Amino acid sequence: MTALLEVNGLRTHFFTSAGVVKAVDGITFDLMEGESLAIVGESGCGKSITALSIMRLIPSPPGRILGGSIRFMGEDLLAQDDKAMRDIRGNRIGMVFQEPMTSLNPVLTIGRQLTEAVQRHLGYDNEAAHARASELLELVGIPDAANRLRAYPHEFSGGMRQRVMIAMALSCSPKLLIADEPTTALDVTIQAQILELIQQVQRELGIAVIIITHNLGVVARYVDRINVMYAGRIVERGTLHQVFDEPQHPYTKGLLASVPRLDKPKGERLIPIEGMPPDLSNLPAGCAFRERCAYAIARCEEDVPEVRHVRSAAAEHHVACWAVETGSAA
Amino acid sequence: MTTSSADSPLVEVSRVKKYFPVTSGIVFKKRVGEVKAVDDVSLTIRRGETLGLVGESGSGKSTLGRCILQLHQQTEGEVKFDGIEMSTLSGRELRTMRRRINAIFQDPYSSLSPRMTAAGIIGEPVSVHGLVQGKAEMRERIQHLLDVVGLNPYMADRFPHEFSGGQRQRIGIARAIAAEPEFIVADEPVSALDVSIQAQIINLLQELQEQFGLTYLLIAHDLSVVRHISDRVAVMYLGKLMELAPCDDLYEDPQHPYTKALLSAVPVPDPTVEEARERIVLQGDIPSPQNPPQGCVFHTRCPMAIDDCRAVVPPLKETSRGHWTACIRVGPGAV
């Protein structure tokens, strides 16, 4: 397998009146063809900015990609001009956003919004585009597709709208689907439907998927690999089982320990991560997590931890922590 | 006033309905229908317990909470607090009553006045109910409350925007306990917070309950959180109560098909467990509460539905001790 997406040392900062916000600060990861990856972290950890950087949708000003590279299918996305990026977005990379109500245009029919991409990117005529649109609605499990194409977004429920968003993202048969919190706005029974759908299209169409979420539970069933982010950096990355079964970074361990779980006996008290996430425009020196970390050592105050191989584990498992025994730098 | 005894329930909700009118027209509003947000719900909350109330959006769980707080006047039915029917109280009597009942809301950003300092927000219920005399005593009280909820007393003069989400929720909690209530309705108290902060707030709620002997109604959609702190749990769907049981019973032995599906949809953060777990994925969407299905409101999505379910509204019946289920297909006499 070849890497479909390679992100190397990506840095995206926002230059605001309150100072420079280091939203993404030097992250490196890759994604194979047909593979699914979860980017997990809390609000402000940079997970959405990572996605927007890949799509080159960072609002500028105030945002700017300062350094690093993003290679997609062998091309450097950061070197593309706007026109070339428009050809890639929606065509080879599809994106699904969190809020299905605000990401659809309320005054256009579902059909009009679904046909736009194939007409724009693939040059379909009206009839072919229409046929493609009803095929897509069926693919995402919306019955009576031909009639539903004439409906407006307000006539759909939240879960249905999210299905339409997924259909739109898939319309040009992309190689990569990025879903930014695709289920956060949905009810738990609808969440399950949407995640099953994403997994089904990933398998059937053989596309790679990046799911961005704050909920560790959501991804435990659906992805191959996980990147855990904190304060603009990847603190741990590995396969699903490596991260869940043998978490290395104190933050990952803390996250897993702090949520009540249905499969465990009811405990007395939860073990929270004390303190709160740092201010991204005023990060402390050294490790951004050290003030909340029970394992912090002297070195954590001075040096930003490098991303290194976990000594005991297979090559994919990486962690950025001075207190964890690691092998060579990655 | 009736005499209260330790055995009688603190809150009694009987056959409460709350319908909201649906109107059309701009000047001459015509009533074209109604949303049955809560439809004939009865339950009790015992002294010192935490009753978890779960359900998806539109299930009526928050509306029921607001009826109990008397922020909504119920359309029909009774809400009794400590034996006193709330809807018949005069404004003055209700105000006195409100000292004993308080609320914590979901969004710590919109539920605190941006123009008041933390001290002002927390001090308001204290002064409204005349609980302290003089500024020095008030100051002392506020400092104490901040300390109880884990905030540094020197933060008293800050405004809400200077606090993080978790700290704001702590201020909301301090406000809720300021007048020393007996009963608190917590409506999604942690769902707006980051995962690492949620556990801090859940622990705080539990500590306060032990310290002050509080009774909670915890309204939430996160079933893992509800299980963690509830003694009993009620499940709502489309305005109806589907199941009510002691916490362990409900999670280990759910009876209603909706509860079963709901529990199986909750993700567990462990891939090994997830791989082994069977998941019931419900088909379809939650119907509109303006036009709920006839018979059992869940029959349109229920994997066990039979013809009778379309005709009969299932009564809530006791399927085992203290375990109530509204389904004609479970328990004694099931079809």
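**Note on a predicted two-chain model**

1. Chain B holds eleven helices and twelve strands; helices (H or I, at least four residues) and strands (E, at least two) are DSSP runs, numbered from the N terminus. Chain A has ten helices and 13 strands. Residues are numbered from 1 along each chain as its sequence is written, and chains are lettered from A, with ligands numbered from 1, in the order in which they are written. This is a predicted model, in which local features need pLDDT of at least 70 and side-chain atom pairs count only at pLDDT 80 or more, while totals for chains, interfaces and linings use all residues.

2. Confidence. The model has ipTM 0.80 and pTM 0.86. For chain B the mean pLDDT (the predictor's confidence in each residue, from 0 to 100) is 90, with 98% of residues at 70 or more. Where pLDDT is low, the predicted coordinates should not be read in detail.

3. Overall form of chain A. Its radius of gyration is 21 Å, close to the 20 Å that the globule rule gives for 330 residues, so chain A is as compact as a globular protein of that length. The radius is taken over C-alpha atoms, and the rule is 2.2 Å times the number of residues to the power 0.38. Along the principal axes, the C-alpha atoms of chain A fill a box of roughly 65 × 50 × 45 Å. Of the 330 residues, 50% are buried, that is, 20 or more other C-beta atoms (placed from the backbone) lie within 10 Å of the residue's own; exposed means 12 or fewer, and partly exposed in between.

4. Overall form of chain B. A compact globule of 335 residues would have a radius of gyration near 20 Å, and the 21 Å of chain B agrees with this. The box filled by the C-alpha atoms of chain B is roughly 70 × 55 × 50 Å along the principal axes. Buried residues are 46% of the 335 in chain B. Among contacts in chain B (C-beta atoms, placed from the backbone, within 7 Å) between residues at least 6 apart in sequence, 62% join residues at least 24 apart.

5. The open sheet of chain A. Four strands run in the order β2-β1-β4-β5 with antiparallel pairing; strands pair if DSSP finds at least two bridges between them. β2 (19-32) and β5 (75-76) of chain A are at the edges with a single partner strand each, so one side of each has no neighbour in the sheet. β4(A) (residues 63-72) joins β5(A) through two antiparallel bridges, and A:Phe72 stands opposite A:Glu75. Helix α1(A) packs on this sheet, touching β1 (3-16), β2 and β4 of chain A, and its direction makes about 70° with that of β2(A). Such angles run from 0 to 180 degrees between N-to-C directions, with axes as lines fitted to C-alpha atoms, for helices over the stretch in contact.

6. Helix α1(A). This helix covers residues 47-54, and eight of its eight residues are buried; among them are A:Lys47, A:Ile49 and A:Leu52. A:Arg56, which follows α1(A), has a positive phi near 55°.

7. Strand β6(A). In residues 93-96, A:Ile93 and A:Met95 point one way, A:Gly94 and A:Val96 the other, and all are buried. β6(A) pairs with β7(A) (residues 176-180) in the parallel sense over four bridges. The bridge partner of A:Met95 in β7(A) is A:Ile178.

8. Interface. The contact takes 37 residues from chain A and 36 residues from chain B. On the side of chain B that touches chain A, α6 (195-212), α7 (223-229), α9 (257-265) and α10 (271-276) each supply at least two residues. α6(B) gives the largest share, seven residues. This side of chain B divides into 20 nonpolar, nine polar and seven charged residues, where Ala, Val, Leu, Ile, Met, Phe, Trp, Tyr, Cys and Pro count as nonpolar, Asp, Glu, Lys and Arg as charged, and the others, Gly among them, as polar.

Conventions. Contact = placed C-beta atoms within 7 Å.
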